[in-house]
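Hello,

Here is the structure I promised to pass on to you. Please open it alongside this message, and then read on for what I found in it.

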Amino acid sequence: QFEHQVILFMAVELTNRVGFETYGYSRTEVLLHAFGFCMFFLEMGGVDWISYDNWMEPNSNICEWSGLSCVFLDKVDRLILANNNLQGTLSGILQYAGSLRN
């Protein structure tokens, strides 16, 4: 189940994401960013998307997830998911993902 994959992904993130303080991001900020996108995937029916390559794969970089665009390291700045069969109601979960631009 993808709920379990979120837990696994976040556990791996907790152990692997060290040293981001040197880039101006706290460990908490990086983890909340990743958590926001994991929950977005679940809320928007990610398992039924046309493309969800690399989403929550252990040891994957969030910038490698299909439909996400990054500006720096693991900081997603844009969602490119049009025509990807998103379903559901978007809650406020993306507040944890940080700032996105149009």
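The mean pLDDT of the chain is 78, with 75% of the residues at 70 or more. Among the elements, strand β2 (residues 75-79) has the highest mean pLDDT, 84, while α1 has the lowest, 69. Where pLDDT is low, the predicted coordinates should not be read in detail.

Trp55 and Trp65 both lie in the loop between α2 (27-43) and β1 (68-72), so their pairing ties together parts that are 10 residues apart in sequence. Trp65 is buried as well, at 1% relative accessibility. Taken as a group, Phe40, Phe41, Trp49, Tyr52, Trp55 and Trp65 make up one aromatic cluster.

Leaving aside residues up to four places away in sequence, Trp65 touches Phe9, Phe37, Cys38, Asp53, Asn54, Trp55, Met56 and Ser60.

Next, the packing. Which residues touch the most other members of the largest nonpolar core? They are Phe37, Phe40, Trp55 and Trp65, in a core of 21 residues. The elements that give two or more residues to this core are α1 (2-16) and α2. The most come from α2, which gives six residues.

That helix deserves a look of its own. With 17 residues, α2 reaches 24 Å from its first C-alpha to its last, close to the 24 Å expected at 1.5 Å a residue. Its buried residues are Val30, Leu31, His33, Ala34, Gly36, Phe37, Cys38, Phe40 and Phe41. Just after α2 comes Gly45, which takes a positive phi of about 65 degrees.

Last, the cysteines. How many disulfides are there by the count? The count comes to one disulfide, and it joins Cys63 to Cys70 with an S to S distance of 2.0 Å. A disulfide is a covalent bond between the sulfur atoms of two cysteines. The link of Cys63 and Cys70 is left-handed, with -105 degrees about the S-S bond. Cys63 is partly exposed, with a relative accessible area of 25%, and Cys70 is also partly exposed, at 25% relative accessibility. Cys38, on the other hand, is buried, with a relative accessible area of 0%.

Do write back with any thoughts.

Best wishes

How values were computed:
Residues numbered from 1 in each chain as written. Predicted model: local features only at pLDDT ≥ 70, side-chain atom pairs only at ≥ 80, totals over all residues. Heavy atoms only, no water. Helix = DSSP H or I, 4+ residues; strand = E, 2+ residues; numbered from the N terminus. Buried < 20%, exposed > 50% of the residue type's maximum accessible area, 1.4 Å probe, protein only. Phe/Tyr/Trp six-rings, centres within 6.5 Å; stacked < 30°, edge-to-face > 60°. Core = buried A, V, L, I, M, F, W, Y, C linked by side-chain atoms within 4.5 Å. Contact = heavy atoms within 4.5 Å. pLDDT = per-residue confidence, 0-100. Disulfide = S-S within 2.5 Å. Expected span 1.5 Å × (residues − 1).
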